[in-house]
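Dear colleague,

Please find below the sequence and structure that I am handing over to you, followed by my notes on what was found.

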Amino acid sequence: MIRVEHLTKQFGDLHVLRDVNAEIQKGEVISIIGPSGTGKSTFLRCINLLDPPTSGHIYIDDEDILAPKTNVPLLRRKMGMVFQNFNLFEHLTVLENLTIGPVKLLNRDKAQATERGRELLKMVGLSEKENAFPSELSGGQKQRVAIARCLSMDPEIILFDEPTSALDPTMVSEVLGVIRRLTKEGMTMAIVTHEMKFAHDVSTRIFFMDEGIIYEEGTPDQIFNHAKREKTRAFINRIRSFSFHIGFAGYDLYALNAQVQTFCEKHIFSQQRTDNVLHLIEECLQLAFFTASEDIALMTQRNQAVVDADGINLELDYSENNDTVEIVFSSNSALGSITGGDDADLISLAIIRGLTTSMEESVDEGRVKLTLRMK
């Protein structure tokens with residue numbers, strides 16, 4: 001349905017796309033992944049001519065949409081696009097947002113367009129919102145309305161430009177659920193996304209973009225498990241990290257917990273996993289500063305030792321590919337009490353061991369590291 005040949009796009013001296021070549025067959029679901037700033041969204045916008053290409057050819061059903069005599073508006077009706085920021089008409093109700101296009105552009109009867117709009121709202125689970133205005137909807141609801149509006153024009157192809165990037169983590173799943181339904185119905189789609197598990201599950205092929213080109217493409221299994229090129233492997237196996245420095249026992253536990261929780265929400269951890277991460281960190285830091293058998297004088301002495309050791313660094317790493325969490329504590333000398341000893345709090349140690357799949361101590365350039373791994 002779509003064939004792209006030697007596509008380039010420049011903004012002044014900035015080369016965003018460099019000789020992009022691709023084909024998308026009818027019924028395929030193509031996920032476009034890659035680091036930020038590598039031309040993924042620009043690629044979609046060029047296909048839809050929202051950003052006119054600098055050079056190259058784009059064929060829709062074997063017709064070059066860049067040819068001078070091509071009826072571009074007619075061809076563009078075959079392609080719907082769903083944006084990051086919804087782009088709903090704020091002064092229209094939800095149902096009016098769905099009917100205005102078919103009535104004004106496709107010359108459909110108002111009653112027919114209304115009936116079809118209600119069918120689509122039912123499909124995306126928003127029948128009860130037909131008389132609401134966009135300002136009354138959550139982000140996830142707005143995006144589902146945007147998808148329904150796109151479908152109201154009966155496109156043959158839908159282009160999704162990071163459809164979940166503007167949403168809270170709790171709203172992502174409801175939008176991805178609608179897109180999954182469209183894949184089962186055979187809709188041809190190209191989706192720019194950072195949701196790797198979603199891309200793996202729904203795609204027929206993956207385009208990995210880097211350096212302004214489609215750097216590597218293949219089936220989800222090929223890209224996620226058997227990538228041929230080093231940059232692709234590095235991206236797929238990327239580690240998401242969070243770090244926090246703790247200088248002394250009076251550190252701001254609430255600030256630490258809030259930042260850890262934000263990190264967990266961003267990566268859509270379950271509430272149970274989030275609670276386990278918070279609990280594990282707190283128990284480890286409890287042991288780092290004092291044990292159950294210490295009196296106030298010993299706790300003060302231990303606290304001073306931590307300060308003298310330049311504090312404790314905490315790093316939380318999440319591997320999206322393996323769905324594993326790694327927590328690393330490092331310090332010049334303040335970590336010995338975490339892993340044992342006669343004065344260790346055995347209850348805290350039991351809790352830590354119960355929450356982890358492995359514990360590993362190491363010394364790197366004189367700095368003690370404790371690595372905890374959990375599912």
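I start with helix α1, whose buried residues are K40, S41, T42, F43, L44, C46 and I47, where buried means under 20% relative accessible area, exposed over 50% and partly exposed in between, with a 1.4 Å probe and protein chains only. Helices (H or I, at least four residues) and strands (E, at least two) are DSSP runs, numbered from the N terminus. Seven of the eight residues of α1 are buried, so this helix is largely enclosed by the rest of the structure. Please keep in mind that this is a predicted model, in which local features need pLDDT of at least 70 and side-chain atom pairs count only at pLDDT 80 or more, whereas totals for chains, interfaces and linings use all residues. Residues are numbered from 1 along each chain as its sequence is written, and side-chain values use heavy atoms, with hydrogens and water left out.

Within α1 (residues 40-47), I47 has a relative accessible area of 1% and is therefore buried. Leaving aside neighbours within four places in sequence, I47 is in contact (heavy atoms within 4.5 Å) with I2, V4, I58, I65, M79 and L159. The C-alpha atoms of I47 and R76 are separated by 9.3 Å, although the two residues are 29 apart along the chain. Just after α1, L49 takes a positive phi of about 60°.

Turning to helix packing, α3 (residues 94-105) and α5 (residues 139-151) pack at an angle of about 25°, with their axes 8 Å apart; axes are lines fitted to C-alpha atoms, for helices over the stretch in contact, and angles run from 0 to 180 degrees between N-to-C directions. The two helices α3 and α5 are therefore roughly parallel to each other, given that angles under 35 degrees count as roughly parallel, over 145 as roughly antiparallel, 65 to 115 as roughly perpendicular and the rest as oblique. In this pair, V94, N97 and L98 in α3 meet V145, A148 and R149 in α5, and the residues of the contact divide into four nonpolar, one polar and one charged. Here Ala, Val, Leu, Ile, Met, Phe, Trp, Tyr, Cys and Pro count as nonpolar, Asp, Glu, Lys and Arg as charged, and the others, Gly among them, as polar.

Helix α3 also packs with α4 (residues 110-123), at an angle of about 130° and with the axes 9 Å apart, and α3 and α4 are therefore oblique to each other. The contact is made by V94, L95, L98, T99, P102 and V103 of α3 and K110, A113, T114, G117, R118, L120 and L121 of α4; by class, it has eight nonpolar, three polar and two charged residues.

For the chain as a whole, there are 14 helices and 15 strands, and of the 375 residues 49% count as buried.

Best regards
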